[in-house]
Every structure is written in C-alpha cells, then in structure tokens.
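Reader: I would like to learn how to read a model like this one. Please take it feature by feature.

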Amino acid sequence: QVQLVESGGGLVQAGGSLRLSCAASGSIISSYTMGWYRQAPGKQRELVATITSAGSTNYVDSVKGRFTIARDNAKNTVYLQMSRLKSEDTAVYYCTRERSSWDSRVYWGQGTQVTVSS
C-alpha cells in the first residue's frame with residue numbers, strides 16, 4: 001500500500017523559509033509525477049507544484065520564484081523548499097503521487113500545517 005508522509009511544517013515568520021519533505025513507502029516514486037497541494041481555511045485545495053519523473057517542474061503563479069520542488073529518488077522522497085513566505089501561504093500542505101498511464105489512482109499524504117505569521 002502506498003503511503004506518503006509529510007513533515008517539516010510549522011510556524012514561521014513572514015519572510016522566512018521552511019522545507020517540507022514527503023517520504024513515500026509502498027511505491028517507488030521515480031516513475032511518477034509527484035505534487036504538492038495546499039488548502040487554506042475556507043478555501044479550495046490548490047495545486048502548488050509538480051515534478052515529473054524526468055525532473056520537469058511546474059508551479060502555481062503565486063509561488064513562482066519563492067518555492068522549489070525537488071525529488072531524491074534514492075531516498076524515495078520529494079521536497080518543497082519554501083522561501084520568502086507570506087501570510088497567504090498559510091495552509092495545510094499535502095503531497096501526492098499523481099496518476100500515470102498505468103495507474104489512475106492519486107495518492108495523498110495526511111498533510112502538514114504551515115502557518116506564516118505576519
């Protein structure tokens with residue numbers, strides 16, 4: 001069974017940085033696109049960033065230039081480096097293993113809280 005476990009969230013002041021980690025088990029992630037989503041209170045969940053198996057990345061406009069998604073296939077782990085954090089980045093952040101041509105399922109982690117104080 002695929003499990004994704006996020007860590008690294010917490011409370012940080014505006015302008016600060018955090019690095020989120022997502023450790024996968026039950027699946028080798030190297031062949032999959034991985035993603036980070038977030039959900040702020042009272043808002044819909046939104047896609048923050050994705051990274052393909054080839055290492056191509058994509059970001060929502062609001063985090064471009066501030067967030068970096070990366071993967072370490074040897075550690076079966078995906079990261080989200082967040083810098084110059086803003087209060088509007090406050091949300092629960094979720095890691096995903098995205099669907100593929102051979103597996104239509106999307107797997108989600110349990111989420112990690114990021115709170116940015118202004």
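Reader: How many positive and negative side chains does the protein have, and how far apart do the centres of the two sets lie?

Author: Lys and Arg count as positive and Asp and Glu as negative, with His and the chain ends not counted; the place of a charge is NZ of Lys, CZ of Arg, CG of Asp or CD of Glu. The protein has 13 positive and 8 negative side chains, and the two centres lie 2 Å apart. This is a predicted model, where local features need pLDDT of at least 70, side-chain atom pairs count only at pLDDT 80 or more, and totals for chains, interfaces and linings use all residues. Residues are numbered from 1 along each chain as its sequence is written, and side-chain values use heavy atoms, without hydrogens and water.

Reader: What does the secondary structure come to?

Author: Helices (H or I, at least four residues) and strands (E, at least two) are DSSP runs, numbered from the N terminus. The protein has 0 helices and 11 strands.

Reader: Where is Arg-45 found, and is Arg-45 buried, exposed or partly exposed?

Author: Buried means under 20% relative accessible area, exposed over 50%, and partly exposed in between, with a 1.4 Å probe and protein chains only. Arg-45 is in the loop between strand E4 (34-39) and strand E5 (46-51). Its relative accessibility is 36%, so Arg-45 counts as partly exposed.

Reader: Which residues is Arg-45 in contact with, leaving aside its neighbours within four places in sequence?

Author: Contact means heavy atoms within 4.5 Å. Arg-45 is in contact with Tyr-37, Arg-38, Gln-39, Tyr-94 and Trp-108, once those neighbours are left aside.
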